[in-house]
Amino acid sequence: MKIAITGLNATDNPGPGVPVIRSILHSEEFKGEIIGLIYDSLEPGIYMKDIADKCYLIPYPSSGLDSLFSRIVHIHEKEQIDLIIPTLDSELFGFIKIKDKLEAIGIKTFVPTFDQLNFRAKDKLFDFCSQHNIKVPKNILINSMQDMYTIPQNFSYPVVVKGIFYDAYIVNNFEEAMTAFHKMRAKWGYPIIVQEFVKGTEFNVVALGDGTGNTVGAVSMRKLYITDKGKGWAGITIDDPNLLEISYKLIKELKWKSGMELEYMKSADSGEYYLLEINPRFPAWVYLAPEAGQNLPYALVKLAFNQHVENFKNFKTGIIFVRSSWDLITDISKFEEIAVKGEFVL
Amino acid sequence: MKKYHIPEYIAISDNGFLFLPSTGETFTLNQIGKEIFKMIQAGEDEERIFEHITSEYDVDNSIIEKDFSDFILQLKSYSLVKFI
């Protein structure tokens, strides 16, 4: 079995590719090869020992789906790939779009549908959650500078100003809000989201849905250390039935298919969980899940091959991940190999 | 005499390290804090706890009462103990 996986950018804003690979290799059942699909010849995962057997450069999503598909066809002719697991938000739309073409040449995927992807988008999440009685911070969509002047009618400060894809700023007054607005508009465009600020502690859940509304497994975690980019650099598995209950409900309502990360804020005032975001792929901390007893990435592999997977019932609490920085040393000839040929074997 | 209850899911190690599984929070108790916590866990009331401290440590009753009260309030603020 050959599984191709993207997101080997194990940087300070890490992609989930390396931990997804580690999880699959963690399974004693897995016999096969891992193919890394990379966008840049300096993605650290390329140079890590015992991660990917081979790596291939693929074009950025902005190059268009035809060039992505023809590159995959080329790689497939050499490698006979059985399954592709895209792990990055930005590429997911493209992979969903070429899913049928991949299937036709014998490559499986296990990705959400367009509808599922749309419902969880930042600008749609509020309506979806309100319909299903899931608490979510109140928000408004900003589509012009004029809309910013409606903030005082809807909120009291502080509020959160968020980009449609990434980035968020907590702002304490109108001037700060306008500064954040200009940054977001320049970087991500409209709509910009202005959201109620919920003071509290952040909790995250990694989960896998099988596409029927069933949750195959879910592991909850609290970040212990957060970087200046807002990324969890350490975390611990926790057991709060309320948090898992909301997550199971969401997966049921969405009929979510694939891995996902749910981000919550537990209100310091009410103790209630507010859903902040749904990320449509496994998070970079997913390797915590197999170590806690739920190998969700390997379960996804089995689901992709239509194999029966028992739902995970529980997991160990008090399991901690601590991320590290580690310099990988390589020779320029290796770098040359990937830069010139677009292929690499460590 | 007042009694307190510590939820069963809260574990304390021999080093006095506390872990709250529902939130992932951890706490470290000093020696006397650990002894008091374990006595509460064992269902002992305030009177028994005070007796134990005065027998083990050279301290006035008035100070024990004050420090014990502060300690209990701190535990309560972290949801580590409930009043019965």
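Select chain A: 13 helices and 15 strands run through this chain. Helices (H or I, at least four residues) and strands (E, at least two) are DSSP runs, numbered from the N terminus. What you see is a predicted model, in which local features need pLDDT of at least 70 and side-chain atom pairs count only at pLDDT 80 or more, while totals for chains, interfaces and linings use all residues. Residues are numbered from 1 along each chain as its sequence is written, with chains lettered from A and ligands numbered from 1 in the order in which they are written.

Stay on the whole of chain A. Along the principal axes, its C-alpha atoms fill a box of roughly 60 × 45 × 40 Å. Of its 346 residues, 42% are buried; a residue is buried if 20 or more other C-beta atoms lie within 10 Å of its own, exposed if 12 or fewer, and partly exposed in between, with C-beta atoms placed from the backbone.

Next, colour chain A by domain: domain 1 (2-111 + 327-344), domain 2 (138-196) and domain 3 (199-322). These bounds come from an automatic or database domain assignment. The centres of domain 2 of chain A and domain 3 of chain A, taken over C-alpha atoms, are 28 Å apart.

Now select Pro158(A), in the loop between helix 8 (151-154) and strand 6 (159-162) of chain A. Move on to Pro191(A), in the loop between helix 9 (174-188) and strand 8 (192-196) of chain A. The bond from Tyr190(A) to Pro191(A) is cis too, with omega near -5°.

Go to Gln80(A), in the loop between helix 2 (65-79) and strand 4 (83-85) of chain A. Gln80(A) is not a glycine, yet its phi is positive, near 50°. Gln80(A) is exposed, with 11 other C-beta atoms within 10 Å.

Lys255(A) is the next stop, in the loop between helix 10 (241-254) and strand 12 (257-267) of chain A. Phi of Lys255(A) is near 50°, again positive in a residue other than glycine. Lys255(A) counts as partly exposed, with 17 C-beta neighbours inside 10 Å.

Then show both chains. Seven residues from chain A and five residues from chain B form the contact, where two residues are in contact if their C-beta atoms, placed from the backbone, lie within 7 Å.

Three helices and five strands make up its secondary structure, in the order β-β-β-β-α-α-α-β along the sequence. Of the 84 residues of chain B, 14% count as buried.
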